[in-house]
Amino acid sequence: MPTQRQKPAEGSFSQSTGMIYVFNIIVGTGALTLPNAFHEGGYVLSTLILLILGFFSYVTATYMIEAMAIANFMRRKTFNRRLGTIITPTSDEEENVDQSDRAALLPPAINGEDVYISTGTDERHSFDIVEKVEMGEMASMFLNKLGLIIFYVCISLYLFGDLTIYGSAVPKSIRDAICTYEPMNCTKVDMYDLCWESSRLTRHHVYQIFVAVFFCTLGLFVFGNAQKTKLLQLFTTLCRWTAFLSMIILCVIHLAKRPSSEKPIRPAIFNFRGLPSLFGTCVYSFMCHHSIPSIVAPIRSKNKLKKLFAYDYICIALFYLLLALTAIFTFETFKDLYTLNFSPKTSCSESKVNVPTVLAYFIMLFPVFTLSSSFPIIGITLRNNLETILKSCVKVGRRQRILLVIFVLLLPCAVSIVTEDIGFLVGFTGSYAGVAVQYVIPALLVYNARRQAQLKLRRPIFFANQSVFQSKYWVFAVLLWAWLAVIVNTIYNILKARVSV
């Protein structure tokens, strides 16, 4: 009995549109901390690390696509062991895909005793990606109980880090835009200086107030089920690319018009002391793997997904290099958020580049618009993941959900209030939880998915969306790279802490 081909979702789009979505999801907060990371690590070392991490990120992105194809196959071609008849899996009505920066990650149960069979003539279509299978669903299908627990711990830690970064970046951007006090001798302003001359509040006090306001206001949406609308997506995309292109163009104009009498900036070439921050920032800057199912499923023609992602990764790597290299040859010092280097001119300070006042405020405040729109979605995703973990232990009612949301908001809020070092937060999140989500989990998913599919079919599998990195040694190489990277970064962090003490 032939299987019934499912129709594409109503919200489907072309490959070129999918390429734009991938680009927009990857290029986010991490890009704003890249110039400072390049400055600390040296531009040659930073370029090498960026390209190596980008390559491994592409490898694991193709692993996510392959694992998703196998998950679709197993759902579609289910045969009952006793009757030997086809069981067509039922599915809920296709939802319009929300192209948010963070997709939901809730796993359904799957029957591990079913047998999956495919004939040679039918196999090409059996592995078509028709249904969206989220990362958490694939973890429940292909990982054992311990692996599933590790997955939820890692994704939850990553999302906690995300909320903390957003909860620090937005208040810091607002604080730096509205604080007007400057010392009489025009010394460097730090967080313990006054915010306004007529007030006793320091810059850090104002930052903490805005952190509390940010979590109390946007945190209310975490109690519900907010989603990004297409209009909001369009608005945030326009803000993001207007700001990024403005920063690059302003730096290029400055470098082109720099007078010959001005001493050129000579940034460091190699600086291994900046490696931990550099590594974590680069990992965070290529993160998209948990959103891949939401992007791939609605693409109408999926026969060139590997090329699509390859083009995207090449363009993103070149864009990152253009952004970071123009920055480090323009500025001698960096704020942890690159947008803050384009502050308006004051009596004591001015940006190294010539920025119109209105554009300067727009660049400084654009993280407020883009990050605020994504914050509730990340919070809801984290809430849903923690709720899934709790459901395996206790009954989760309305009171438990309220307490869970309070916990989801309080922990990152407390961290954001204590520290406003966004570079450290991005580096730490990327170096540990980011490594697990971007490298370890996709490698484990595809390894186990391949094994399960071959055991069910009792022969090797071949289909269009298989990763070109088929050898098991590639999987081992990714896992080894992730393990070595975590060890080296931990050692450098310990040595750095000892030196500072």
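**A guided look at the helices**

Visitor: What makes helix H5 (residues 135-142) count as mostly covered?

Guide: Eight of the eight residues of H5 are buried, where buried means under 20% relative accessible area, exposed over 50% and partly exposed in between, with a 1.4 Å probe and protein chains only. The helix itself is a DSSP run (H or I, at least four residues; strands are E, at least two), numbered from the N terminus. Do keep in mind that this is a predicted model, where local features need pLDDT of at least 70, side-chain atom pairs count only at pLDDT 80 or more, and totals for chains, interfaces and linings use all residues. Residues are numbered from 1 along each chain as its sequence is written, and side-chain values use heavy atoms, leaving out hydrogens and water.

Visitor: Which residues of H5 are buried, and what do they pack against?

Guide: The buried residues include Met135, Glu137 and Phe142. Their partners are H3, helix H6 (145-178), helix H10 (292-296) and helix H14 (422-457), with contact meaning heavy atoms within 4.5 Å.

Visitor: How much of the chain is buried?

Guide: Of its 501 residues, 52% count as buried. The chain has 15 helices and three strands.

Visitor: Why are H2 and H9 called roughly antiparallel?

Guide: Helix H2 (residues 29-41) and helix H9 (residues 275-285) pack at about 155°, with axes 9 Å apart. Axes are lines fitted to C-alpha atoms, for helices over the stretch in contact, and angles run from 0 to 180 degrees between N-to-C directions. Under 35 degrees counts as roughly parallel, over 145 as roughly antiparallel, 65 to 115 as roughly perpendicular and the rest as oblique. H2 and H9 are therefore roughly antiparallel.

Visitor: What is the handedness of the crossing of H2 and H9?

Guide: H2 passes H9 in a left-handed crossing, the term for a near helix turned anticlockwise from the far one by less than a right angle; clockwise is right-handed. Among the residues that meet there are Leu34 and Phe38 in H2 and Leu278 and Tyr284 in H9. By class, this contact of H2 with H9 has seven nonpolar, six polar and one charged residues. Ala, Val, Leu, Ile, Met, Phe, Trp, Tyr, Cys and Pro count as nonpolar, Asp, Glu, Lys and Arg as charged, and the others, Gly among them, as polar.

Visitor: What makes H1 oblique to H11?

Guide: The axes of helix H1 (residues 15-26) and helix H11 (residues 305-328) come within 10 Å and cross at roughly 40°. That angle makes H1 oblique to H11. H1 passes H11 in a right-handed crossing. Val22 and Phe23 in H1 are among the residues that meet H11, where Phe309 and Tyr320 are among the partners. This contact of H1 with H11 divides into 12 nonpolar, two polar and one charged residues.

Visitor: Which residues touch the most other members of the largest nonpolar core?

Guide: They are Phe244, Phe309, Tyr320, Phe342 and Leu445, in a core of 135 residues. Such a core is a set of buried Ala, Val, Leu, Ile, Met, Phe, Trp, Tyr and Cys residues joined through side-chain atoms within 4.5 Å. Helix H3 (residues 43-76) gives the most to this core, with 18 residues. Not counting residues up to four places away in sequence, Phe309 touches Val22, Tyr58, Ala61, Ile65, Ile292 and Val296.
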